[in-house]
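Colleague: I would like to learn how to read the features of a model like this one. Please take them one at a time, with the general idea before the case.

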Amino acid sequence: MENACAVKEKKLYLPTDESTELYLLAFLRVCKFYPESAFKRVKCLYKLRQKNPKYCNDLLPTLEKNVFEQNILTVLPSRDQHGRRILITECGQRWKVKDCSLTEIFRGVELVIEAAILEPRTQVSGTVLLVDFAGLTINHVWQFTPNFAKLVLDWIQYSMPARLKEVHIINQPYIFNMVFAVFKPFMQEKLRNRMLLHGYDHTSLLAHLDAKCLPTKYGGLMDIETDQGIELWNLLCYYEDNYKVTNEFGYKKKK
């Protein structure tokens with residue numbers, strides 16, 4: 001990776017020393033240790049951040065408390081049967097549009113993923129995203145624009161230094177089809193094959209994720225509530241200084 005980074009890339013600031021070893025290793029692992037592919041992913045990430053400051057600048061936990069207060073994001077305490085981290089996003093009943101924007105949700109997800117990729121086990125095993133659309137309304141649907149869909153999928157498919165192994169869509173009402181239609185044109189076959197729509201069928205979900213790692217409200221055996229957003233936020237805030245360092249990485253503005 002260091003050799004690849006040695007290729008001249010004007011205005012890109014990203015140290016390649018011991019301080020970033022684990023961070024850069026995440027890019028290598030997601031690209032199966034092909035340095036050129038990993039460096040391409042690095043460039044894609046920081047070009048995306050440069051073009052989308054609203055979503056990507058100043059990514060600090062202390063600035064994003066609101067989305068965690070809404071309990072929209074949950075990282076489950078137990079990994080799944082394959083050792084993968086599970087992130088739940090509740091984009092229906094918990095999401096009050098007037099109180100929390102879609103931008104805030106995406107920024108919160110970015111913070112969680114950036115923390116997760118610094119876990120060596122997560123780098124190797126990957127992550128699972130579980131999106132709960134129970135209570136989705138037309139007001140929620142209107143928040144999803146083609147520009148936002150492209151941004152999210154460019155981040156996931158070409159930029160994010162994490163292995164997203166599966167995406168589980170659950171409790172989705174019929175109007176979810178309108179959301180899916182916005183994202184579909186930008187979705188590569190690889191990601192489409194990893195996206196599973198379960199509706200209200202918990203048995204279908206349990207065919208992919210062990211009951212031991214899921215809350216009871218999703219048919220699992222874990223007697224926990226997904227209302228511990230502030231605890232997650234406090235944990236991320238503990239690493240605020242790390243986020244400040246990584247916020248300095250990227251393409252520098254022309255003077």
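Modeller: Start with burial: a residue is buried under 20% relative accessible area, exposed over 50%, and partly exposed in between, using a 1.4 Å probe and protein chains only. At 5% relative accessibility, F106 therefore counts as buried. This is a predicted model, in which local features need pLDDT of at least 70 and side-chain atom pairs count only at pLDDT 80 or more, while totals for chains, interfaces and linings use all residues. Residues are numbered from 1 along each chain as its sequence is written, and side-chain values use heavy atoms, with hydrogens and water left out.

Colleague: How many residues of α6 are buried?

Modeller: Helices (H or I, at least four residues) and strands (E, at least two) are DSSP runs, numbered from the N terminus. In α6, 13 of the 15 residues are buried, so the helix is mostly covered.

Colleague: What span should helix α6 have at 1.5 Å a residue?

Modeller: The expected span of a helix is 1.5 Å times one less than its number of residues. Helix α6 covers residues 102–116, and its 15 residues should span 21 Å. The end C-alpha atoms are 21 Å apart, in agreement with that value.

Colleague: Where does UniProt place the CRAL-TRIO domain?

Modeller: UniProt positions are given in the numbering used here, with feature names shortened, and annotations may be inferred rather than shown by experiment. The unreviewed UniProt entry puts "domain: CRAL-TRIO" at residues 60–226. In the model, that span is 38% helix and 16% strand, and its end C-alpha atoms lie 23 Å apart.

Colleague: Next, aromatic contacts. How many aromatic pairs does the structure hold?

Modeller: Rings of Phe, Tyr and Trp (its six-membered ring) pair if their centres lie within 6.5 Å; planes under 30 degrees apart count as stacked, over 60 as edge-to-face and the rest as tilted. The structure holds 13 such pairs. One of them joins Y55 and F106, edge-to-face, at 6.0 Å centre to centre with 75 degrees between the planes. Y55 lies in helix α4 (residues 53–56) and F106 in helix α6, so the pair ties together parts that are 51 residues apart in sequence. Y55 counts as buried, at 14% relative accessibility.

Colleague: What are the ring distance and plane angle for W95 and F144?

Modeller: The ring centres of W95 and F144 are 5.9 Å apart and the planes stand at 85 degrees, so this pair is edge-to-face. W95 is in the loop between β3 and α6, and F144 is in the loop between α8 and α9, so parts 49 residues apart in sequence are tied together. W95 counts as buried at 1% relative accessibility, and F144 counts as buried at 9%. Y55, W95, F106, F144, F148, W155 and F183 form one aromatic cluster.

Colleague: Now charges. How many salt bridges does the count come to?

Modeller: A salt bridge is a side-chain nitrogen of Lys or Arg within 4 Å of a carboxyl oxygen of Asp or Glu. By this rule the count is 11. Among them is K65 with E69, whose closest N and O atoms are 3.9 Å apart. These two are four residues apart in helix α5 (residues 65–69), so about one helical turn separates them. K65 is partly exposed at 34% relative accessible area, and E69 is partly exposed at 42%.

Colleague: Which parts of the chain does the pair of E119 and R79 link?

Modeller: E119 and R79 form a salt bridge, with closest N and O atoms 3.5 Å apart. The pair links distant parts of the chain, 40 residues apart: E119 is in the loop between α6 and α7 (120–125), and R79 is in the loop between β2 (73–75) and β3 (85–90). E119 is partly exposed, with a relative accessible area of 25%, whereas R79 counts as buried at 16%.

Colleague: Where do K150 and D154 sit?

Modeller: K150 and D154 are four residues apart in helix α9 (residues 146–159), separated by about one helical turn. Their side chains meet in a salt bridge of 2.7 Å, N to O. Elsewhere, salt bridges that share partners join R79, R85 and E119 into one network.
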